[in-house]
Amino acid sequence: MARLKGYVDPKYLHIIGNQLNHIKQRSYALMQIQPGHKVLDLGCGPGTDTIPMAPLVGVNGQVIGADYDEVMIAEAEQRAEQAGVNTWVRHKRVDAMSLPFATDYFDSCRSERLFQHLPNPAPALAEMTRVTKPGGWVVVADTDWGGLSTDSDETDIERRLARFLAESSLHNGYSGRKLYRLFKQQNLADISFEVFPVATPSYALARQATQAERIEQEALKAGVITAKELYRWQTGLEQADSEGVYFCSVNVMMFTGRKN
């Protein structure tokens with residue numbers, strides 16, 4: 001779920017992406033993709049979504065995945081070739097704030113869990129809107145990390161760590177709740193939204209999804225928690241896990257708007 005500042009392994013993003021498959025499928029439906037369409041996936045990562053969209057547009061369509069990370073682009077291109085869709089699914093290294101595509105080029109655009117990494121996502125949404133054809137759909141899904149919740153008797157520590165993740169480990173950790181305002185500012189029509197709770201009773205998966213080890217160590221260095229508190233926090237969660245009562249949840253917001 002979380003993608004910290006700095007390098008992220010493409011395999012990690014692929015694993016987490018699979019946990020959110022129902023959200024991804026819903027985004028494709030909201031894009032109203034038809035055979036022959038040209039679609040954009042901004043912040044495509046290792047091609048987790050571009051390849052599944054390939055059969056939706058068909059060989060006469062075009063799927064463009066865009067990402068700033070060269071490692072992700074290379075991984076996505078390799079996966080597209082392995083899937084046999086590389087003739088109509090391509091991946092490009094781009095700056096989300098200045099997309100190298102013509103105005104009104106795509107039939108629809110999507111972005112998922114990208115805006116949380118952008119200090120100022122408004123220009124990225126403006127660019128997505130610009131390159132979408134009139135009548136086309138713009139779909140953005142992002143996490144509101146302010147809603148991250150872990151069942152623990154150590155509520156104070158839990159809240160401090162959740163806030164540290166949202167405010168210090170991500171550029172825009174409250175991204176999900178801000179999407180409505182951003183969509184309205186772009187004058188998109190027929191704006192709708194859906195909220196998807198993402199929850200797990202798996203302690204191992206939750207730690208991987210939130211990159212808990214890195215978060216905790218960074219919080220320790222920043223003085224957000226003490227070593228004693230960290231020990232108490234981890235011990236309590238490990239005990240909950242051993243008893244089969246661990247639980248963690250967060251919300252993903254998805255917004256859809258039509259370009260006038």
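Mentor: Let us begin with the classes of residue: Ala, Val, Leu, Ile, Met, Phe, Trp, Tyr, Cys and Pro count as nonpolar, Asp, Glu, Lys and Arg as charged, and the others, Gly among them, as polar. This is a predicted model, in which local features need pLDDT of at least 70 and side-chain atom pairs count only at pLDDT 80 or more, while totals for chains, interfaces and linings use all residues. Residues are numbered from 1 along each chain as its sequence is written, and side-chain values use heavy atoms, with hydrogens and water left out.

A cavity is a set of points, on a 1 Å grid over the protein atoms alone, where a 1.4 Å probe fits but cannot get out, and its lining residues have an atom within 4 Å of a point. The whole structure holds 2 cavities of 30 Å³ or more, and the largest cavity has a volume of about 220 Å³, meaning the space filled by probe spheres set on the points, which are joined across faces, edges and corners.

The largest cavity is lined by 17 residues, and nearest its centre lie L148, T150, T210, A212 and W233. By class, this lining divides into 12 nonpolar, 2 polar and 3 charged residues. At least two lining residues come from each of strand 5 (132–150), helix 6 (155–168), helix 8 (203–209), helix 9 and helix 10, where helices (H or I, at least four residues) and strands (E, at least two) are DSSP runs numbered from the N terminus. Helix 6 gives the most to this lining, with 4 residues.

Terms used:
1 Å grid on protein atoms, 1.4 Å probe; cavity = no way out; pocket = protein on both sides within 12 Å on 5 of 7 lines; lining within 4 Å.
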